[in-house]
Amino acid sequence: MIIFAKNSNHVRIAKTNAARLLDKARIAYELIPYRVDENNLAADHVAEELGEDINRVFKTLVLHGDKCGYFVCVIPGNMEVDLKAAAKTAGAKKVEMIPMKELLPLTGYIRGGCSPIGMKKAFPTYFHSTALDYDFIYVSAGVRGLQFKVSPGDLIGYVKATVADIATPMTE
């Protein structure tokens, strides 16, 4: 069954499982579609398509730690995970990004459509501290081409996330 929602432009958008979970939790959000470029799934492309500041567009990354297992980092699109800080925050000595081939079986999501909401299993989740600098941020709604515009405080509370400095500016 496909459920449709209307965004502020009254465009019909198929609701994702992640959107249904936020509805059930009574968390306010807006679904914002954007044009997908299969050759460029980077957050800066998403920000450009949305016409938004890259600092408000957050990407969801899945990592694995030697002592803590799998966990999720949600960081600004113009940053990269600080592996040492993420390890310390997650209680591990060593962490690494999971191989791309593990993403779908582990989370139910594909690259470019990974949302911190509605993964197959609830993993410990860490949001970069800058999320709280904004009244709203963007995160994937669970498919490529669709973002949630949502209050970071509401989202962090819903996924029971910890806020920490887990990212660093990207190096060229």
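The model is a predicted one, where local features need pLDDT of at least 70, side-chain atom pairs count only at pLDDT 80 or more, and totals for chains, interfaces and linings use all residues. Residues are numbered from 1 along each chain as its sequence is written, and side-chain values use heavy atoms, with hydrogens and water left out.

H45 belongs to helix 2, which covers residues 43-50 (helices are DSSP runs of H or I with at least four residues, strands are runs of E with at least two, and both are numbered from the N terminus). Leaving aside residues up to four places away in sequence, H45 touches R35, V36, D37 and N40, where contact means heavy atoms within 4.5 Å. With R35, a polar atom of the H45 side chain sits 3.1 Å from the backbone oxygen.

Three strands form an open sheet in the order 3-10-9, with antiparallel pairing; two strands pair if DSSP finds at least two bridges between them. Strand 3 (29-33) and strand 9 (137-140) are at the edges with a single partner strand each, so one side of each has no neighbour in the sheet. On average, neighbouring strands here are turned by 35 degrees against each other, direction ignored. Strand 3 pairs with strand 10 (residues 146-150) over five bridges in the antiparallel sense, and L31 has F148 in strand 10 as its bridge partner.

Methods: A polar contact is a pair of N or O atoms within 3.5 Å; within protein, one must be able to donate a hydrogen and the other to accept it, and residues adjacent in sequence count only if both atoms are side-chain atoms. Axes are lines fitted to C-alpha atoms, for helices over the stretch in contact, and angles run from 0 to 180 degrees between N-to-C directions.
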